[in-house]
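Dear colleague,

Please find the structure we discussed below.

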Amino acid sequence: MAPTVPLAVLTLVALVAPGLGVAPGCDYPAHRWCSSRDIAAACQVQSRCPSLPSPAAAPVELSLYYESLCPACREFLVLKLFPTWLLLPEEMLNITLVPYGNAQERNVSGKLDFQCQHGPEECLGNMMEACLMHEAKNFSTYFPVIFCLESGSSVTKNLEAVRPCPPDRPHVPCARQCLRIYAPEVDAGRITACVQGDTGVALMHHNAQLTEALQPPHQYVPWITVNGKHTDELQAQAEASLLGLVCHLYQGKKPEACGGSKAPKFPSGCRR
């Protein structure tokens, strides 16, 4: 490691021997050499500028292709993805959720229709979550709501936003309860309008396109891509220890949460 040189010494070097240890193309005065990373690079004095901020590391990009009623999808989202997101700083992990899974899109008399692996209720769940993302927009707003919906005993009942919450079963989460707890600023009526209108169909069509464009094509759900790639090894690592995988891949300064993580394996995915 090269020793750091005080700025005063660098200035003296510039006055006595202008070309010594400095790039020929450096047109900046010595007192500015350590003022920014770009100038230090231009003058090739980065090692002599200890106060320069480290460049920001790119976040790990994780995309989850799932369907709302798939048990393995729900377990991964609730027990792995959400806790990992809570533990890590925002700049470390960027998550994209694509609710569609093994559904099929058809054109029926000029209108798009969707058939889902676990029936019409799953299509409703997929569209509800897509509409929630569309209306809430901010990931930190809608992800806790989706966690709440998916962690309930019955996802389909949780997603019936057009109905009131059952007064005789206050312990059973429903969409309005999840919104009220985690995102009270989101209008449930707008989500319902999205589901019942053309916007919801358009969102599901978009998710169908994203899912069908996967390379390699998805064979089951949950289907996980990391930094745009899917391999059997990455999938297995994400399911076994998502926190450990993200901590390993992140190139920036590791937070305390990256001290170590172990977790049980999840059930096999929902295959086509």
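The torsion about the S-S bond of Cys 247 and Cys 258 is about -80°, so this disulfide is left-handed. Cys 247 belongs to helix α10 (residues 232-249) and Cys 258 to the loop between α10 and β7 (270-271), so the bond ties together parts that are eleven residues apart in sequence. The S to S distance of this pair is 2.0 Å, and both Cys 247 and Cys 258 are buried. Please note that the model is predicted.

A search of the whole structure finds six disulfides. Another of them joins Cys 131 to Cys 194, with 2.0 Å from S to S. This pair links distant parts of the chain, 63 residues apart: Cys 131 is in helix α4 (residues 120-136) and Cys 194 in helix α8 (residues 188-196). Its S-S torsion is about -75°, so the disulfide is left-handed. Cys 131 and Cys 194 are both buried.

Cys 116 and Cys 123 are also joined, again at 2.0 Å from S to S. Here the torsion is about 110°, so the disulfide is right-handed. Cys 116 is buried at 13% relative accessibility, and Cys 123 is buried with a relative accessible area of 13%.

As for Cys 73, its closest cysteine sulfur, in Cys 70, is 3.2 Å away, which is too far for a bond. Cys 73 is buried at 1% relative accessibility.

Turning to the nonpolar cores, the largest has 62 residues, and Leu 132 is one of those with the most contacts inside it. Residues that Leu 132 touches include Tyr 142, Val 145, Leu 179 and Ile 191. Another core, of nine residues, lies apart from the largest one and includes Trp 33 and Leu 52.

Yours sincerely

Key
Residues numbered from 1 in each chain as written. Predicted model: local features only at pLDDT ≥ 70, side-chain atom pairs only at ≥ 80, totals over all residues. Heavy atoms only, no water. Core = buried A, V, L, I, M, F, W, Y, C linked by side-chain atoms within 4.5 Å. Buried < 20%, exposed > 50% of the residue type's maximum accessible area, 1.4 Å probe, protein only. Contact = heavy atoms within 4.5 Å. Disulfide = S-S within 2.5 Å. Helix = DSSP H or I, 4+ residues; strand = E, 2+ residues; numbered from the N terminus. Lists of a residue's contacts leave out its neighbours within four places in sequence.
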